[in-house]
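I opened the notebook to go through one structure, from its overall layout down to a surface patch. My entries follow in the order I looked things up.

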Amino acid sequence: MAGFGDLMKIMSHAKELQANAAKLKEELPKMEFSSSTANGGVSVTVGGDFTVRNITIAPEMLGDKEYLERALSEALNSAFASARTAMQEQMKAVTGSLGIDLPAF
């Protein structure tokens, strides 16, 4: 049976987790993740809050609509994957000491 000291330790961990989660919530929107296609024709930047911040398209990409659409999707998916991975790593760092495994986004 857990004693008073154990209960205090659990409460301390909960407060620490709450503070770290609040800090992460502030930091994530400030983070940026960029990706570009192999030929550099399309570059994108997304935020840690999964918003598109910037899209740059080279003029030579404008002639082939289907290729441009594929390239844009590729660059966005890559940037969002980087943001998702960083968020998961940050959440793991926040909850790691408690052994909590939060779901992926």
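**Layout.** I counted two helices and three strands in the protein. I kept in mind that the model is predicted. From the N terminus on, I read the elements as α-β-β-β-α.

**Sheet.** I traced the strand order next. The three strands make an open sheet, E1-E2-E3, with antiparallel pairing. E1 (32-36) and E3 each have a single partner strand and stand at the edges, so one side of each lacks a neighbour in the sheet. I noted an average twist of 10° from one strand to the next.

**E1 and E2.** How many bridges join E1 to E2? I found five, and strand E2 covers residues 42-47. For Ser34, I looked up the bridge partner in E2 and got Thr45.

**Helix over the sheet.** I then turned to H2, residues 65-95. Helix H2 lies across E1, E2 and E3, and its angle to E2 is about 30°.

**Surface patch.** I looked for nonpolar side chains on the surface. Val52, Ile55, Ile57 and Leu62 form a patch there, with about 330 Å² of accessible area together. Val52 belongs to strand E3, residues 52-57.

**Totals.** The protein has 105 residues, and 25% of them count as buried. I noted an accessible surface of about 7300 Å², 57% of which belongs to carbon and sulfur atoms. Among contacts with a separation of 6 or more, 47% come from residues 24 or more positions apart.

Methods
Residues numbered from 1 in each chain as written. Predicted model: local features only at pLDDT ≥ 70, side-chain atom pairs only at ≥ 80, totals over all residues. Heavy atoms only, no water. Patch = residues over 30% accessible without salt bridge, like charges linked within 9 Å, V, L, I, M, F, W, Y side chains within 5 Å. Areas by Shrake-Rupley, 256 points an atom, 1.4 Å probe, with all protein chains shown as cover. Salt bridge = Lys/Arg side-chain N within 4 Å of Asp/Glu carboxyl O. Helix = DSSP H or I, 4+ residues; strand = E, 2+ residues; numbered from the N terminus. Pairing = 2+ DSSP bridges. Axes fitted to C-alpha atoms, helices over the stretch in contact; angles between N-to-C directions. Contact = heavy atoms within 4.5 Å. Buried < 20%, exposed > 50% of the residue type's maximum accessible area, 1.4 Å probe, protein only.
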